[in-house]
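Take a look at the ligand site in this model first.

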Amino acid sequence: MAERITGHTELIGLMAYPIRHSSSPAMHNEAFATLGLDYAYLAFEVDNDTLEDAVKGLRALKLKGSNVSMPNKTVVGKYLDKLSPAAEMAGAVNTIVNEDGVLTGHITDGIGYMQSLKDNDIDVIGKKMTITGAGGAATAIEIQAALDGVKEMSIFNIKDKFWENAEKTVEKIRANTDCIVNLYDLDDKDKLKEEIADSYLFAQATGVGMKPLEGQSVIPDASFLRPDLIVTDTIYAPRETALLKMAKEAGCKTMNGLGMMLFQGDAAFHLWTGKHMPIDHMKEVLD
Ligand code: NAD
């Protein structure tokens, strides 16, 4: 008889819509199988209308936990018992942990980004970074970077519907951390150049560089760069955005979003199982 799933197997869910394209089930199940852990990870099509019932189901069925993705990340918190400090500040949850019936919401995207920096021997703690973006990915990074001890952060975004969110993020960082943080209009390219020139690291965390904005870059040309600047992009499809290509040609150390994706998964995996993913193996599988 097949023994992969037995009466003892613990279930981890993923609640989002649409979700069939996600690489998370394959990633987590590969890690469970490689480590011989008796867990299974399944994706469930859950939107805002069915989210409350899905969380009740998670409690009733005693799932070990779940990932949460769009459109539920900013909504699910109200159905949980507790939030991690980062999830509270970000106003978003991507991971639920069920500890004896107590559901805690965490956000691991920012942890994933900070861990992927470490994995690339990049140490931004106590230094200044400039970051573009005010959406889900950017907010998680900005809050985690400030909590972890980045000294100074200059945030840039266009004045779209995300601008208000950027203002709220700045307020929360100022109220809860010692990080010196300022917000600027991404259309002010002179200011962007000035802030990047003063930074150890430039992090790109908008959708500029992937479809439908593939081939575009938030900086207009290589005069914004210098060889000792580190340039990162949250985008991993394509693996090398126009920005990262320009940065590589300018001699900068670069990092794409694949590590953030892997390590946000690893942080959730660790919260559920107490163990880390087999990182080297996962890198081979994901690449
Ligand atoms: P989002 O929709 O929440 O935010 C979009 C952001 O892009 C906002 O800051 C918005 O102002 C900005 N933006 C949109 N169009 C723009 C334009 N024309 N010019 C300048 N800025 C523009 O999206 P998100 O979930 O934060 O994702 C942002 C990027 O990060 C995406 O490319 C996504 O693929 C990537 N991402 C990566 C990971 C990972 O694990 N590596 C995780 C989440 C998101």
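**The ligand shell and a helix pair**

The ligand is surrounded by 22 residues, each with a heavy atom within 4 Å of it. The closest are A137, N157, D160, M210 and G257. This is a predicted model, where local features need pLDDT of at least 70, side-chain atom pairs count only at pLDDT 80 or more, and totals for chains, interfaces and linings use all residues. Numbering runs from 1 along each chain as its sequence is written, and side-chain values use heavy atoms, with hydrogens and water left out.

Start with the polar contacts (pairs of N or O atoms within 3.5 Å). A polar side-chain atom of D160 sits 2.6 Å from a ligand oxygen atom. The backbone contributes too: an N or O atom of G207 lies 3.3 Å from an oxygen atom of the ligand. For M261, a polar backbone atom is 3.3 Å from a ligand oxygen atom. On its own, the ligand has 850 Å² of accessible area, and the protein covers 72% of it (Shrake-Rupley method, 1.4 Å probe).

Which elements give two or more residues to the shell? They are helix 5 (136-148), strand 11 (208-214) and helix 9 (258-273). These are DSSP runs numbered from the N terminus (helices H or I, at least four residues; strands E, at least two). Strand 11 gives the largest share, three residues.

Now follow helix 9 to helix 10 (residues 279-286). Their axes come within 11 Å and cross at roughly 135° (lines fitted to C-alpha atoms over the stretch in contact, with angles from 0 to 180 degrees between N-to-C directions).

Key
A polar contact is a pair of N or O atoms within 3.5 Å; within protein, one must be able to donate a hydrogen and the other to accept it, and residues adjacent in sequence count only if both atoms are side-chain atoms.
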